[in-house]
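Colleague: I am new to this structure and would like to learn how to read some of its features. Could we go through them one at a time?

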Amino acid sequence: NGVPSETDIETDFVSIFKSTQGMPLVWCSGQNIDRIVTVFRAAKKSGRRLIMDMYTAHLLQATGNDRLPQAHWPQVRVFLPQFQKQRIKRLRQFDLARPYRPYRIFAEDLAAVTGSSVMLFRDSMRQDVEAAKCMDGACVIYSMWDGYLQEERMKPFLAWLQQRGIPLLKCHTSGHASVSDLRRLRNAFGSAVAVPVHCAEPNLFAKTFDRVQVHPDNEWWKVE
């Protein structure tokens, strides 16, 4: 079906990390656990340490799964971006940040580790990396749905990349089911009616599967 697996993009990440002179900045969802594990594995294979923001570190800790990358692992460091720091101060959630202090890396230390680290990144961290002067030889790896880049809100970010001469690389695979997977599921419930939701081309379902009902967004319909 042509959809890359997480293993496929892990190989791509390793290649990018090894060929990047400075620090690769990976923009992925902090809630995409599979992707964060992929980035960590690729960083380790590349001889680099993973720097994650405190929100992501807290989310991984909250899973209770000690097989996922954790702040105390020697290959991990935790960075607290300004927007997260301001939120902690505003809500007076200092207890939330305190456990991560032994594992933190601070802005003044980032420039020294650009060649040996990979950093989880998002647009709101632009000022942090600018102030840290850690962008020499860097690249940004975009690991989310490509369509977001076409939105108006992304224009300042793309302009910043162009102004700074930072290459934007794309390394992503969908978390949605492939057509072959959907066909297997459909065959398992052959007599049921299939209703496509959360897709760009719902009418294509009727050309691919039997017993399809297409309902537009915000329409109430009865399940028989």
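Colleague: Where is Asn-218 found?

Modeller: Asn-218 lies in the segment after α10 (204-208). Helices (H or I, at least four residues) and strands (E, at least two) are DSSP runs, numbered from the N terminus. This is a predicted model, in which local features need pLDDT of at least 70 and side-chain atom pairs count only at pLDDT 80 or more, while totals for chains, interfaces and linings use all residues. Residues are numbered from 1 along each chain as its sequence is written, and side-chain values use heavy atoms, with hydrogens and water left out.

Colleague: What is the phi of Asn-218?

Modeller: Most residues other than glycine have a negative phi. Asn-218 is not a glycine, yet its phi is positive, about 70°. With a relative accessible area of 80%, Asn-218 is exposed; buried means under 20% relative accessible area, exposed over 50%, and partly exposed in between (1.4 Å probe, protein chains only). Lys-133, in the loop between α7 and β5, also is not a glycine and has a positive phi of about 55°. Lys-133 is exposed at 68%.

Colleague: Which residues of helix α8 are buried?

Modeller: An α-helix has 3.6 residues a turn, so residues three or four places apart point the same way. In α8 (residues 155-164), the buried residues are Phe-157, Trp-160 and Leu-161. Seen down the axis of α8, they fall within an arc of 100°, so they line one face of the helix; the arc is that of the directions from the helix axis to the C-beta atoms. On the other side of α8, Lys-155, Gln-162 and Gln-163 are exposed.

Colleague: What do the buried residues of α8 pack against?

Modeller: They pack against β1 (24-27), α7 (126-132), β5 (139-142) and β6 (168-170), where contact means heavy atoms within 4.5 Å. Gly-165, with a positive phi near 70°, follows α8.

Colleague: At what angle do α1 and α2 pack?

Modeller: Two packed helices are described by the angle between their axes and the distance between the axes. For α1 (residues 6-19) and α2 (residues 33-45), the angle is about 45° and the axes are 8 Å apart. Axes are lines fitted to C-alpha atoms, for helices over the stretch in contact, and angles run from 0 to 180 degrees between N-to-C directions. The two helices α1 and α2 are therefore oblique to each other; angles under 35 degrees count as roughly parallel, over 145 as roughly antiparallel, 65 to 115 as roughly perpendicular and the rest as oblique.
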